[in-house]
Each structure stands twice: as structure tokens, then as C-alpha cells.
Amino acid sequence: MSTAHTPSILSHAPRLVAALHAALVVLVLASVVRYLTGHGFTERGPWILLAAVVLLGTYGAYRLLPSRLWLALLVLEWCVLVFLAPSFAWCAVPLSFVALRILSFRPACLVVAGMVVVTVVQWTRMTDRLDPTIVLGPVCIAVLAVGAYRALERDALARQALLDELHAAQGDLADAQHQAGVIAERARLSREIHDSVAQGLSSINLLLQAAEREWDDKPAVARQHAAQAAATARDGLDEARRVVRDLAPAELAAGLPDALRKTCERLSAHSDLKIHVQVHGTPVKLDSEVETALLRTARGAVANVLEHAHADSAFVTLTYHPDAVVLDVVDNGGGLPRSHVKIDSDRGHGLAGIRERLRQLGGTLVLESEPGDGTALAAAIPLKAPEDG
């Protein structure tokens, strides 16, 4: 196994990798043709053809061998070919990029330098004299290739660092905005409760105390105070219900079907899960408690599919019947063990919490799951019959 290191820039450039594959094959074949046209099929011919086939075969087996062993075999076979026919030295160019792609920078430079030395020695032996172009040509090509690769790698690392910093800053900004929103909402609710519910309770307390003081001496006045306290209590109850309605998810402002679609899109935005949202029947305006319960049930069920089901598709279906509204969440994942049929407690306080929320609205919850055969959840809430006018 090779030592882990930072992926090279070539690992993210599939077209360039394909070009390197093609370049090596073309150079090997061209070198074979050049040797045969220049020297004929001499006694070295079969060995050169065999070595070329072995080199190409080894190069094609890159998925079967550990990367560093694969590179070592390629370099060794290339050295044998260069010893037999120096024209194979041109194959060092794509092999240099292979070394830079597999090894970290310094070990790759050592491999490239060794290949340059082999190339210079064999070409010098072939010409029987020391030619400066033979010495400096491979050196310049190697320096330019390694330098360009290093510059591209540093630029890619710098860009990645900037992207990581940007993502981190965006996450911090989102957290800060969320925290500010939470604080502002708490302050608003505090004012709402103080100005409505708390003030009403204080008034009720004062009226009841006054009624208690006047009960024996002025019963009519006491009853008036008690009646006023009851009216204040009714007003306070209406105000408390209004505050509770304001706590409903903001997505519901556009209606439950749109809220379901947006919630599913947001939850599956960074996953491979495909969520299909379907609405059957004619959508009608429901009580805010009913819509909130159904939306939170869907959110908990979809989150559970994303985190545990290992599914690639799910269907969220909202059906409006004349007497009830039904929410179905079905996935094609691995299912749940019979002893572990529950929804993540962080998504709506688990299955028990969802069932209790539905029960308070007169609804029911059914969960069916078989290991390896997906999971189906059905939540149904009856609709109130319209009052006769």
C-alpha cells in the first residue's frame, strides 16, 4: 500500500490523464516502428517487441497493482527498453507525469532526475560523443515539466484553501444569522407574552382579589368582578392561541404542499437521495396545528431516511380526502429491524412524539418496515366537518 498523501491536481483532470495515456501508447508504438525501420527485425527485435508489450500491459494494469509498485515496474521496464533501444527515452515524458501524480513532489523529482540520467547516458552511448543538446535537452524538458506541474499544483492548493475559507466563513455567517434570528424571535415572544398573556393573568388576579374582598358586603360588585375576570381569561386564551399560531413554521405561509416541496428539496440538496413529492386531491386550507404537525412529521421521516435508510429514492405523498388528510413517506432503503422501529429523536422527539402530536389532533400513525424492503410511514388526521350556516 502506498503512503497517503495529498491528491495531485491530475486526479481532478480526467481529460489530461486520458491524454497522458494516449501519449504513452503512441510513443511506445512510434519507438517500435522507428527501431524496426532503422534496424530491421534483428536478434534484438523480438526482445524489444516483448518489452514494449510488457510495458503497455503493465501500464494497463494500473487498477490491479498498488500504485507505487505499479510505478516502479513501469520505470524498470522503461529502463530495459531504453537500454535495448534509446529511442524509447521519449516515453519518459508521460512517465514523469505518472510519477508526479502518484508520488509526493520530492520523491517524484528524484524519479524524474533518474530517468533523465538514464536518457542522457543511453543517447550519449548511441552517438559515441558528448553532445550538449543531448545532455541539456532532456534536462530542460524535465525542469520545465516539473516546474509547470509544481506551479499548477500550488495554484490549485491555493484556490482550494480559499474555497475552504469561503465555505467556513459562509457557515459562520449562517450560524450568526441563525443565532441572531433566534435571539430576536425570543425577544419578540417575550414581549408578546408579557403584553398579552402575562398582563391578562395579572388583571385576572387583581379582579379575583377584588371579588374576594367584596364577596360578603357587595356580592353584586363581586360577581361583576368575577364576570370581568372570566371575560379577561377568554381574551387571554384567544391571545395565547394567536401566539401559538405565530410559532408555526414559516414555510407554511405558502401552503402545506409548497412547504413540503421546499422542505424536501432543502433536506436532499446535498445527498444522492431523490425525493418525489406528490399531492393528490384538492388542497384545502387546514388549521395551522394540523399543517404544522404534518410538515414536522414529513421532516422527521425524510431526515430519518437520509441518515439511516441508505435509500436512493423516496416518495412523499400528501392526499386530501373529504374527511381526512393523509401523509405517506415511502423509501426503498434497507428497512428497519423489527426491534428498532423508531424515528431519530432529534427529528420531532421520535416516533412516540410524532404519534402523540397526531393523537392530540385526533390522528393516527402507522409505520411498516421490513429489513431490506424499505420503510413506509402513514400519518392521517381527520378533517372537521364544515359547520352548517
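A salt bridge is a side-chain nitrogen of Lys or Arg within 4 Å of a carboxyl oxygen of Asp or Glu. In this predicted model, the side chains of Lys285 and Glu291 meet in such a bridge, at 3.5 Å from N to O. Lys285 counts as exposed because its relative accessibility is 68%. Glu291, at 4%, counts as buried.

A search of the whole structure finds three salt bridges. Another of them links Arg261 to Asp258, with the closest N and O atoms 3.3 Å apart. Both residues belong to helix 8 and sit three residues apart, about one turn of the helix. Arg261 is partly exposed, at 32% relative accessibility, and Asp258 is partly exposed at 34%.

Glu356 and Arg359 also form a salt bridge, and their closest N and O atoms are 2.6 Å apart. These two are three residues apart in helix 10, so about one helical turn separates them. Glu356 is partly exposed at 32%, whereas Arg359 is exposed at 51%.

Next come the nonpolar residues. In soluble globular proteins, nonpolar side chains tend to be buried together. The largest nonpolar core here has 33 residues, of which Leu256, Leu294, Val325 and Leu327 touch the most other members. Among the elements that give two or more residues to this core are helix 8 (256-267), helix 10 (350-360) and strand 3 (324-331). Helix 9 supplies the largest share, nine residues.

Leu327 touches, among others, Leu260, Leu294, Val316 and Leu377, leaving aside residues up to four places away in sequence. Another core, of 31 residues, lies apart from the largest one and includes Leu74, Cys91, Val98 and Leu103.

How values were computed:
Residues numbered from 1 in each chain as written. Predicted model: local features only at pLDDT ≥ 70, side-chain atom pairs only at ≥ 80, totals over all residues. Heavy atoms only, no water. Core = buried A, V, L, I, M, F, W, Y, C linked by side-chain atoms within 4.5 Å. Buried < 20%, exposed > 50% of the residue type's maximum accessible area, 1.4 Å probe, protein only. Helix = DSSP H or I, 4+ residues; strand = E, 2+ residues; numbered from the N terminus. Contact = heavy atoms within 4.5 Å.
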